[in-house]
Amino acid sequence: MAAAHSPSTWIVLSLLMSSLVVASADGNFYQSCDVVWGHGSHAMIQEGGDLLTLSLDKTSGSGFQSKDEYLFGKIEMQLKLVPGNSAGTVTAYYLSSKGETWDEIDFEFLGNLSGQPYVLHTNVFSQGKGMREQQFYLWFDPTADFHTYSILWNPQRIVFYVDDIPIREFRNLEFLGVPFPKNQKMRLYSTLWNADDWATRGGLVKTDWSQAPFKASYKKFRADACVWSSGSSYCSPNKNAWFWEELDFGKKGQMKWVQDNYMIYDYCKDPKRFPQGLPTECAFSNLL
(Lines give C-alpha, C1' and ligand atoms only; values in the text may rest on other atoms or scores of the structure.)
Protein backbone atom coordinates (compact mmCIF):
# COMPACT_ATOMS: atom_id res chain seq x y z
CA MET A 1 0.00 0.00 0.00
CA ALA A 2 1.33 3.42 -0.87
CA ALA A 3 2.24 5.59 2.09
CA ALA A 4 0.07 8.62 2.75
CA HIS A 5 1.70 12.03 2.49
CA SER A 6 0.68 15.21 4.22
CA PRO A 7 0.33 18.46 2.24
CA SER A 8 3.56 19.69 3.84
CA THR A 9 5.36 16.61 2.51
CA TRP A 10 4.19 17.35 -1.02
CA ILE A 11 5.35 20.96 -0.66
CA VAL A 12 8.83 19.75 0.31
CA LEU A 13 8.88 17.30 -2.59
CA SER A 14 7.80 20.05 -4.97
CA LEU A 15 10.58 22.29 -3.74
CA LEU A 16 13.12 19.51 -4.21
CA MET A 17 11.85 18.83 -7.73
CA SER A 18 11.99 22.50 -8.57
CA SER A 19 15.64 22.59 -7.48
CA LEU A 20 16.50 19.61 -9.67
CA VAL A 21 19.06 20.45 -12.30
CA VAL A 22 18.55 17.99 -15.12
CA ALA A 23 21.24 17.83 -17.78
CA SER A 24 19.99 17.17 -21.23
CA ALA A 25 22.97 18.11 -23.38
CA ASP A 26 21.98 18.82 -26.96
CA GLY A 27 25.22 17.53 -28.46
CA ASN A 28 26.96 20.90 -28.71
CA PHE A 29 30.43 20.42 -27.31
CA TYR A 30 31.01 24.14 -26.76
CA GLN A 31 28.11 24.08 -24.28
CA SER A 32 28.67 20.71 -22.65
CA CYS A 33 32.42 19.97 -22.57
CA ASP A 34 35.87 21.46 -22.01
CA VAL A 35 39.08 20.40 -23.72
CA VAL A 36 41.62 19.69 -20.96
CA TRP A 37 44.54 18.11 -22.84
CA GLY A 38 46.00 18.91 -26.24
CA HIS A 39 43.87 21.99 -26.81
CA GLY A 40 44.13 23.41 -30.32
CA SER A 41 46.72 21.14 -31.87
CA HIS A 42 45.37 17.75 -30.74
CA ALA A 43 41.81 18.34 -29.51
CA MET A 44 39.43 20.43 -31.57
CA ILE A 45 35.75 21.32 -31.45
CA GLN A 46 34.47 21.79 -34.98
CA GLU A 47 31.34 22.27 -37.10
CA GLY A 48 29.85 24.82 -34.74
CA GLY A 49 30.20 22.51 -31.77
CA ASP A 50 28.65 19.40 -33.34
CA LEU A 51 31.94 17.51 -33.74
CA LEU A 52 34.91 16.98 -31.45
CA THR A 53 38.12 15.24 -32.54
CA LEU A 54 41.00 13.93 -30.46
CA SER A 55 44.38 13.07 -31.93
CA LEU A 56 47.54 11.36 -30.75
CA ASP A 57 51.08 11.62 -32.02
CA LYS A 58 54.51 11.18 -30.48
CA THR A 59 54.35 14.62 -28.86
CA SER A 60 51.01 14.39 -27.11
CA GLY A 61 47.66 12.75 -26.65
CA SER A 62 44.45 14.65 -25.95
CA GLY A 63 41.28 14.67 -23.90
CA PHE A 64 38.13 16.46 -22.79
CA GLN A 65 35.66 16.40 -19.92
CA SER A 66 32.06 17.37 -19.30
CA LYS A 67 31.39 20.75 -17.77
CA ASP A 68 28.92 19.16 -15.34
CA GLU A 69 29.25 16.49 -12.68
CA TYR A 70 26.50 13.92 -12.30
CA LEU A 71 24.99 11.73 -9.63
CA PHE A 72 23.09 9.10 -11.62
CA GLY A 73 21.98 9.40 -15.20
CA LYS A 74 22.08 8.01 -18.71
CA ILE A 75 25.10 9.20 -20.67
CA GLU A 76 25.57 8.58 -24.38
CA MET A 77 27.99 9.58 -27.08
CA GLN A 78 28.62 8.68 -30.70
CA LEU A 79 32.24 7.70 -31.41
CA LYS A 80 34.20 6.80 -34.50
CA LEU A 81 37.45 5.14 -33.49
CA VAL A 82 41.00 5.39 -34.80
CA PRO A 83 41.14 3.56 -38.18
CA GLY A 84 43.88 1.39 -39.64
CA ASN A 85 46.79 0.27 -37.51
CA SER A 86 45.73 1.54 -34.10
CA ALA A 87 47.84 -0.90 -32.08
CA GLY A 88 49.09 0.56 -28.81
CA THR A 89 46.44 3.30 -28.64
CA VAL A 90 43.60 3.53 -26.16
CA THR A 91 40.47 5.62 -26.57
CA ALA A 92 38.94 5.94 -23.12
CA TYR A 93 35.38 7.12 -22.45
CA TYR A 94 34.30 6.96 -18.83
CA LEU A 95 32.65 8.46 -15.77
CA SER A 96 34.84 9.09 -12.74
CA SER A 97 34.88 10.81 -9.38
CA LYS A 98 38.02 12.02 -7.64
CA GLY A 99 40.05 11.04 -4.59
CA GLU A 100 41.71 7.88 -3.29
CA THR A 101 38.41 6.00 -2.98
CA TRP A 102 37.02 7.05 -6.33
CA ASP A 103 34.17 5.54 -8.34
CA GLU A 104 34.50 4.93 -12.07
CA ILE A 105 32.56 3.37 -14.96
CA ASP A 106 34.76 2.60 -17.97
CA PHE A 107 34.56 2.10 -21.69
CA GLU A 108 38.08 1.66 -23.11
CA PHE A 109 38.74 0.83 -26.75
CA LEU A 110 42.05 -0.98 -27.19
CA GLY A 111 43.55 -0.52 -30.64
CA ASN A 112 44.90 -3.32 -32.79
CA LEU A 113 46.80 -4.10 -35.97
CA SER A 114 45.03 -3.43 -39.26
CA GLY A 115 42.49 -6.15 -39.96
CA GLN A 116 42.30 -7.23 -36.30
CA PRO A 117 39.30 -6.30 -34.16
CA TYR A 118 39.24 -3.64 -31.50
CA VAL A 119 38.89 -4.87 -27.93
CA LEU A 120 36.16 -3.10 -25.95
CA HIS A 121 37.30 -3.14 -22.31
CA THR A 122 34.77 -2.38 -19.54
CA ASN A 123 35.31 -1.98 -15.82
CA VAL A 124 33.51 -0.73 -12.72
CA PHE A 125 35.33 0.84 -9.77
CA SER A 126 33.70 1.50 -6.42
CA GLN A 127 35.51 3.08 -3.47
CA GLY A 128 38.79 2.79 -5.35
CA LYS A 129 38.45 -0.92 -6.10
CA GLY A 130 38.11 -2.20 -9.65
CA MET A 131 39.26 -5.58 -11.00
CA ARG A 132 35.83 -6.10 -12.59
CA GLU A 133 36.92 -6.29 -16.21
CA GLN A 134 34.85 -7.66 -19.03
CA GLN A 135 36.11 -7.46 -22.60
CA PHE A 136 34.33 -7.81 -25.92
CA TYR A 137 34.87 -7.77 -29.64
CA LEU A 138 32.36 -5.69 -31.57
CA TRP A 139 30.04 -7.04 -34.28
CA PHE A 140 30.84 -4.15 -36.64
CA ASP A 141 33.79 -2.01 -37.70
CA PRO A 142 33.87 0.84 -35.14
CA THR A 143 36.20 2.88 -37.37
CA ALA A 144 33.94 3.00 -40.45
CA ASP A 145 31.16 5.11 -38.97
CA PHE A 146 29.81 6.58 -35.74
CA HIS A 147 28.21 4.26 -33.20
CA THR A 148 26.49 5.08 -29.92
CA TYR A 149 28.03 4.01 -26.60
CA SER A 150 25.89 4.57 -23.50
CA ILE A 151 26.15 4.20 -19.74
CA LEU A 152 23.02 3.79 -17.64
CA TRP A 153 23.77 4.52 -13.98
CA ASN A 154 20.93 4.47 -11.51
CA PRO A 155 20.69 3.32 -7.87
CA GLN A 156 19.82 -0.24 -8.90
CA ARG A 157 22.27 -1.00 -11.70
CA ILE A 158 24.89 0.07 -14.21
CA VAL A 159 24.33 -1.03 -17.80
CA PHE A 160 26.75 -0.64 -20.71
CA TYR A 161 25.06 -0.24 -24.11
CA VAL A 162 26.39 -0.31 -27.67
CA ASP A 163 23.89 1.04 -30.21
CA ASP A 164 21.16 0.54 -27.60
CA ILE A 165 22.12 -3.13 -27.18
CA PRO A 166 23.10 -3.95 -23.58
CA ILE A 167 26.42 -5.76 -23.32
CA ARG A 168 26.93 -5.76 -19.56
CA GLU A 169 24.99 -5.17 -16.35
CA PHE A 170 26.49 -4.52 -12.91
CA ARG A 171 23.80 -4.69 -10.24
CA ASN A 172 23.64 -3.04 -6.87
CA LEU A 173 24.34 -5.89 -4.44
CA GLU A 174 25.23 -3.80 -1.43
CA PHE A 175 23.06 -6.05 0.73
CA LEU A 176 25.70 -8.73 0.09
CA GLY A 177 28.57 -6.38 0.91
CA VAL A 178 29.47 -5.51 -2.70
CA PRO A 179 30.33 -1.78 -3.01
CA PHE A 180 28.26 0.12 -5.57
CA PRO A 181 28.85 3.66 -6.90
CA LYS A 182 26.06 5.76 -5.45
CA ASN A 183 27.42 8.56 -3.28
CA GLN A 184 30.10 10.29 -5.35
CA LYS A 185 29.42 12.69 -8.16
CA MET A 186 31.16 11.78 -11.41
CA ARG A 187 32.25 13.69 -14.47
CA LEU A 188 32.48 12.37 -18.03
CA TYR A 189 36.01 12.12 -19.43
CA SER A 190 37.44 10.96 -22.73
CA THR A 191 41.08 10.65 -23.75
CA LEU A 192 43.17 9.28 -26.61
CA TRP A 193 46.58 8.17 -25.43
CA ASN A 194 49.50 5.81 -25.97
CA ALA A 195 49.44 2.64 -23.86
CA ASP A 196 51.63 0.32 -25.90
CA ASP A 197 53.09 -1.16 -22.71
CA TRP A 198 49.85 -3.12 -22.22
CA ALA A 199 47.03 -2.24 -24.64
CA THR A 200 47.64 -4.62 -27.56
CA ARG A 201 48.44 -8.27 -26.86
CA GLY A 202 49.67 -7.37 -23.41
CA GLY A 203 52.19 -4.88 -24.77
CA LEU A 204 53.79 -7.18 -27.34
CA VAL A 205 52.63 -4.95 -30.21
CA LYS A 206 53.94 -1.40 -30.03
CA THR A 207 52.55 1.82 -31.48
CA ASP A 208 53.68 2.46 -35.06
CA TRP A 209 54.31 6.19 -34.95
CA SER A 210 54.68 6.33 -38.72
CA GLN A 211 50.87 5.98 -38.79
CA ALA A 212 50.35 9.09 -36.64
CA PRO A 213 48.41 11.21 -36.11
CA PHE A 214 45.79 8.81 -34.77
CA LYS A 215 42.33 10.38 -34.62
CA ALA A 216 39.03 9.57 -32.89
CA SER A 217 35.84 11.55 -33.51
CA TYR A 218 32.85 12.32 -31.29
CA LYS A 219 29.37 13.72 -31.77
CA LYS A 220 25.88 13.80 -30.24
CA PHE A 221 26.86 13.82 -26.57
CA ARG A 222 23.75 13.55 -24.45
CA ALA A 223 23.49 13.45 -20.66
CA ASP A 224 20.00 12.81 -19.33
CA ALA A 225 21.21 13.02 -15.77
CA CYS A 226 21.04 14.74 -12.42
CA VAL A 227 23.66 17.44 -12.17
CA TRP A 228 25.48 18.02 -8.92
CA SER A 229 24.87 21.62 -7.96
CA SER A 230 25.47 23.56 -4.74
CA GLY A 231 26.33 20.43 -2.78
CA SER A 232 23.23 18.46 -3.74
CA SER A 233 21.67 16.46 -6.55
CA TYR A 234 17.94 15.87 -6.55
CA CYS A 235 16.26 13.47 -8.94
CA SER A 236 12.61 12.95 -9.77
CA PRO A 237 11.89 9.32 -10.75
CA ASN A 238 8.61 10.49 -12.32
CA LYS A 239 10.48 12.82 -14.66
CA ASN A 240 13.41 10.60 -15.48
CA ALA A 241 12.53 7.16 -16.79
CA TRP A 242 16.16 6.05 -16.58
CA PHE A 243 16.07 6.31 -12.78
CA TRP A 244 14.07 3.07 -12.59
CA GLU A 245 15.20 1.59 -15.91
CA GLU A 246 15.88 -2.13 -15.96
CA LEU A 247 16.41 -4.73 -18.65
CA ASP A 248 13.26 -6.34 -19.96
CA PHE A 249 13.13 -9.83 -21.43
CA GLY A 250 14.10 -8.66 -24.91
CA LYS A 251 17.07 -6.62 -23.68
CA LYS A 252 18.28 -9.52 -21.54
CA GLY A 253 18.14 -11.69 -24.64
CA GLN A 254 20.25 -9.16 -26.55
CA MET A 255 22.81 -9.06 -23.75
CA LYS A 256 23.02 -12.86 -23.67
CA TRP A 257 23.62 -12.90 -27.44
CA VAL A 258 26.49 -10.43 -27.08
CA GLN A 259 28.04 -12.25 -24.15
CA ASP A 260 27.70 -15.68 -25.80
CA ASN A 261 29.22 -14.55 -29.10
CA TYR A 262 31.49 -11.56 -28.46
CA MET A 263 32.74 -11.64 -24.88
CA ILE A 264 36.43 -12.56 -24.78
CA TYR A 265 37.20 -12.05 -21.08
CA ASP A 266 35.13 -12.13 -17.91
CA TYR A 267 36.72 -11.70 -14.49
CA CYS A 268 33.98 -13.90 -13.06
CA LYS A 269 35.35 -16.81 -15.11
CA ASP A 270 38.97 -16.36 -14.07
CA PRO A 271 39.41 -18.30 -10.80
CA LYS A 272 43.21 -18.29 -11.09
CA ARG A 273 43.12 -14.55 -10.61
CA PHE A 274 41.12 -14.87 -7.39
CA PRO A 275 42.70 -17.73 -5.36
CA GLN A 276 40.58 -16.80 -2.33
CA GLY A 277 37.40 -17.20 -4.37
CA LEU A 278 35.58 -15.26 -7.05
CA PRO A 279 34.07 -11.88 -6.09
CA THR A 280 30.65 -12.14 -4.46
CA GLU A 281 28.76 -10.61 -7.39
CA CYS A 282 29.98 -13.38 -9.70
CA ALA A 283 27.44 -15.78 -8.18
CA PHE A 284 24.76 -13.62 -9.79
CA SER A 285 26.46 -13.08 -13.15
CA ASN A 286 24.51 -15.80 -14.95
CA LEU A 287 21.12 -14.77 -13.59
CA LEU A 288 19.88 -12.92 -16.66
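## Basis of the description

The model is predicted: local features need pLDDT of at least 70, side-chain atom pairs count only at pLDDT 80 or more, and totals for chains, interfaces and linings use all residues. Residues are numbered from 1 along each chain as its sequence is written, and side-chain values use heavy atoms, with hydrogens and water left out.

Helices (H or I, at least four residues) and strands (E, at least two) are DSSP runs, numbered from the N terminus. Buried means under 20% relative accessible area, exposed means over 50%, and partly exposed lies in between (1.4 Å probe, protein chains only).

## The disulfide

Which cysteines are joined by a disulfide? A disulfide is a pair of cysteine sulfur atoms within 2.5 Å, and by this rule the count comes to one. The bond joins C268 to C282, with an S to S distance of 2.0 Å. Both C268 and C282 lie in the segment after β15, so the pair ties together parts that are 14 residues apart in sequence. In general terms, a disulfide is a covalent bond between the sulfur atoms of two cysteines.

The torsion about the S-S bond of C268 and C282 is about -75°, so this disulfide is left-handed. C268 is buried, and C282 is buried as well. Another cysteine, C33, is buried too, with a relative accessible area of 3%.

Is E281 buried or exposed? Its relative accessible area is 9%, so E281 counts as buried.

Contact means heavy atoms within 4.5 Å. When neighbours within four places in sequence are left aside, E281 is in contact with R132, F170, L173, V178 and Y267. With Y267 the side chain of E281 also forms a polar contact of 2.9 Å. A polar contact is a pair of N or O atoms within 3.5 Å; within protein, one must be able to donate a hydrogen and the other to accept it, and residues adjacent in sequence count only if both atoms are side-chain atoms.

## Surroundings of H121

H121 belongs to strand β8, which comprises residues 119-125. With a relative accessible area of 10%, H121 is buried. Which side chain makes a polar contact with the side chain of H121? The partner is Q135, at 2.9 Å. Leaving aside neighbours within four places in sequence, the residues in contact with H121 are D106, F107, E108, L110, E133, Q134 and Q135.

Q184 is found in the loop between β12 (165-171) and β13 (186-194). Its relative accessibility is 22%, so Q184 counts as partly exposed. Although Q184 and S97 are 87 residues apart in sequence, their C-alpha atoms are 6.3 Å apart in space. The side chain of Q184 reaches the backbone oxygen of T101 at 2.6 Å, and a polar contact of 3.4 Å joins the side chains of Q184 and D103. Apart from neighbours within four places in sequence, Q184 is in contact with several residues, including Y70, L71, W102 and W153.

W139 lies in the loop between β9 (134-136) and β10 (147-153). A relative accessible area of 24% makes W139 partly exposed. W139 and P117 are 22 residues apart in sequence, and the distance between them is 9.3 Å from C-alpha to C-alpha. Not counting residues up to four places away in sequence, W139 touches V162, I165, I167, W257, V258 and Y262.

## Backbone features

Where is a cis peptide bond found? The bond from A212 to P213 is cis, with omega near 5°. P213 lies in the loop between β13 and β14, the latter spanning 214-227.

Two residues other than glycine have a positive phi: F72, with a value near 80°, and R201, with a value of about 50°. F72 is in strand β5, residues 62-80, whereas R201 is in the loop between β13 and β14. F72 is buried, at 9% relative accessibility, while R201 is exposed, with a relative accessible area of 59%.
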